[in-house]
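Thanks for taking a look at this one with me. Here are my notes, point by point, to read alongside the model.

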Amino acid sequence: MKIIVQYRHVYFILLGILCLQACNNQPADRKEAAPNAPSSTPAVVPPTSVYASDKEGWLVDLDDAYAQSIKEHKPILANFTGSDWCGWCKKLDKDVFSKPEFQAWAKKNVVLLELDFPRRMQIPEKNRQQNAAMQQALQIRGFPTIWAITLDKDETTGKYQINKLGTTGYTPSPDQFIETIEQFIHSKKQG
């Protein structure tokens with residue numbers, strides 16, 4: 001009986017040591033995962049890399065999109081996407097955003113802003129916070145969601161006022177997509 005008690009003590013001591021080691025292996029600056037993030041650790045964007053969309057012409061920073069929008073007098077087309085997991089987002093990229101007719105139209109008519117919510121990679125904290133704030137402000141419930149907006153900036157606080165022109169989701173062709181967005185843009189100009 002004395003041997004069994006000694007094994008229990010050894011077992012609890014080993015268990016305690018393992019728990020302490022597990023606690024010490026956690027990163028000191030561990031951040032809470034995004035609501036839809038997988039439980040595995042996502043790839044980290046190296047600090048020396050510049051975060052950008054992999055789609056030509058798309059900006060990822062709201063301040064940059066605002067500045068270009070003001071300079072060129074164009075509304076912002078904000079694409080809420082899950083670039084590495086959302087099937088309909090990938091389909092929209094393939095069927096609409098990658099087509100020359102959309103790209104030519106967009107260059108003349110809108111400022112493109114990608115607000116990404118990836119699951120297998122991590123984007124910079126600034127962009128994560130910006131995207132989450134925009135998601136909340138525009139009450140995004142699913143992906144893809146595309147908003148045509150304009151922004152007004154309060155120069156004293158640096159905060160934006162969002163003027164909603166219209167929203168859409170997946171559209172199967174560039175022509176249909178462009179027609180929908182133009183209705184939003186032109187109805188707001190007339191109203």
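1. Two strands pair if DSSP finds at least two bridges between them; helices (H or I, at least four residues) and strands (E, at least two) are DSSP runs, numbered from the N terminus. With that in hand, look at strand 4 (145-153) and strand 5 (residues 160-168), which run antiparallel and are joined by 8 bridges. Thr150 has Asn163 in strand 5 as its bridge partner. The two strands make a hairpin with 6 residues between them, and Gly158 in the turn has a positive phi of about 80°.

2. A word on the basis. The model is predicted, so to speak of local features pLDDT of at least 70 is needed, and side-chain atom pairs count only at pLDDT 80 or more, while totals for chains, interfaces and linings use all residues. Residues are numbered from 1 along each chain as its sequence is written, and side-chain values use heavy atoms, with hydrogens and water left out.

3. Now the core. A nonpolar core here is a set of buried Ala, Val, Leu, Ile, Met, Phe, Trp, Tyr and Cys residues joined through side-chain atoms within 4.5 Å; buried means under 20% relative accessible area, exposed over 50%, partly exposed in between (1.4 Å probe, protein chains only). The largest such core has 20 residues, and Phe80 and Met134 touch the most other members. Helix 2 (62-72), strand 2 (76-81), strand 3 and strand 4 each supply at least two residues of this core. Apart from it lies another core, of 18 residues, with Leu77, Phe102, Trp105 and Ala106 among them.

4. What does Met134 contact, leaving aside its neighbours within four places in sequence? Taking contact as heavy atoms within 4.5 Å, Met134 meets Leu62, Phe80, Leu115, Ile149 and Ile162. On the same terms, Ser69, leaving aside neighbours within four places in sequence, is in contact with Lys74, Pro75, Ile76 and Val111. Ser69 sits in helix 2 and is buried, at 7% relative accessible area.

5. On to the aromatics. Rings of Phe, Tyr and Trp (its six-membered ring) pair if their centres lie within 6.5 Å; planes under 30 degrees apart count as stacked, over 60 as edge-to-face and the rest as tilted. That rule gives 10 aromatic pairs. Phe102 and Trp105 are a tilted pair, because their planes are at 40°, with the centres 6.0 Å apart. Both residues lie in helix 4 (residues 100-109), 3 residues apart, about one turn of the helix. Phe102 is buried at 0% relative accessible area, and Trp105 counts as buried at 9%.

6. Phe117 and Phe143 are tilted as well, since their planes are at 45°, with centres 5.3 Å apart. Phe117 is in the loop between strand 3 (111-116) and helix 5 (125-137) and Phe143 in the loop between helix 5 and strand 4, so this pair ties together parts that are 26 residues apart in sequence. Phe117 is buried, with a relative accessible area of 18%, and Phe143 counts as buried at 18%.

7. Finally, please check the cysteines. A disulfide (a pair of cysteine sulfur atoms within 2.5 Å) turns up with a count of 1. It joins Cys86 to Cys89, S to S 2.4 Å. The link of Cys86 and Cys89 is right-handed, with 75° about the S-S bond, and both cysteines are buried.
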